Amino acid sequence: MASDDDIIISGEAIIRPGDLHEDFIRSSGPGGQNVNKVATAVQLRFDAANASGLSERVRERALKLAGQRATKDGVIVIEAGRFRTQEQNRADARSRLTVLIAKAAEPPPPPRKKTRPSKGAVERRLKSKAGRSTVKKLRGRVESD
């Protein structure tokens, strides 16, 4: 059911064009007349909360990873204004969104295996603690006879 325009990241993460909305705005920073007149920066909005191509796990992780870029409504906003042309900024914004969703789609790490220190390691640790304790006790006041 994936169309040609879909960005397929994994089996549980597909970005569909209908979930994306682009607004072109004026860039900030130096650039003179080009920056003042031409709207080359792109503001890419991805409706992660209602995206049909994301599984629930990926959706939650994406919103968590987005941090400040995510709104309360579950929309991820990415602004790209690094380049001088709309097309380069559009490609930059889409690639940054793809990287974010790919990171969210990574499988969780395997659970940690509980380990115990060996008997010898415990004994060495306790022996060194006792040695430090003795050194510190010997630092006290010297009593004269």
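Good morning. At 1.5 Å a residue, the 20 residues of helix H3 should span 28 Å, and the C-alpha atoms at its ends are 28 Å apart, which agrees. The expected span here is 1.5 Å times one less than the number of residues in the helix. Helices (H or I, at least four residues) and strands (E, at least two) are DSSP runs, numbered from the N terminus.

A word on the source. This is a predicted model, in which local features need pLDDT of at least 70 and side-chain atom pairs count only at pLDDT 80 or more, while totals for chains, interfaces and linings use all residues. Residues are numbered from 1 along each chain as its sequence is written, and side-chain values use heavy atoms, with hydrogens and water left out.

Let us turn to the packing of H3. Helix H2 (residues 56-66) packs with H3 (residues 86-105) at an angle of about 125°, and their axes are 8 Å apart. That angle makes H2 oblique to H3. Axes are lines fitted to C-alpha atoms, for helices over the stretch in contact, and angles run from 0 to 180 degrees between N-to-C directions. Angles under 35 degrees count as roughly parallel, over 145 as roughly antiparallel, 65 to 115 as roughly perpendicular, and the rest as oblique.

Which residues make the contact? On H2 they are Arg57, Val58, Arg61, Ala62, Leu65 and Ala66; on H3 they are Leu100, Ile101, Lys103, Ala104 and Ala105. Contact means heavy atoms within 4.5 Å.

Which residues of H3 are buried? They are Asn89, Asp92, Ala93, Leu97, Leu100, Ile101, Ala104 and Ala105. Buried means under 20% relative accessible area, exposed over 50%, and partly exposed in between (1.4 Å probe, protein chains only). These buried residues pack against H2 and against strands E1 (7-10), E2 (13-15), E3 (20-25), E4 (41-47) and E5 (75-80).

Two of those strands supply my next examples. Serine 10 is found in strand E1 and is partly exposed, with a relative accessible area of 24%. Serine 10 is 91 residues from isoleucine 101 in sequence, yet the two are 9.5 Å apart in space, C-alpha to C-alpha. Aspartate 23 lies in strand E3 and is partly exposed, at 29% relative accessible area. Beyond its neighbours within four places in sequence, aspartate 23 is in contact with Ala41, Val42, Gln43 and Arg45.

Finally, is proline 110 buried or exposed? Proline 110, in the loop between H3 and helix H4 (119-137), is exposed, with a relative accessible area of 70%. Thank you.
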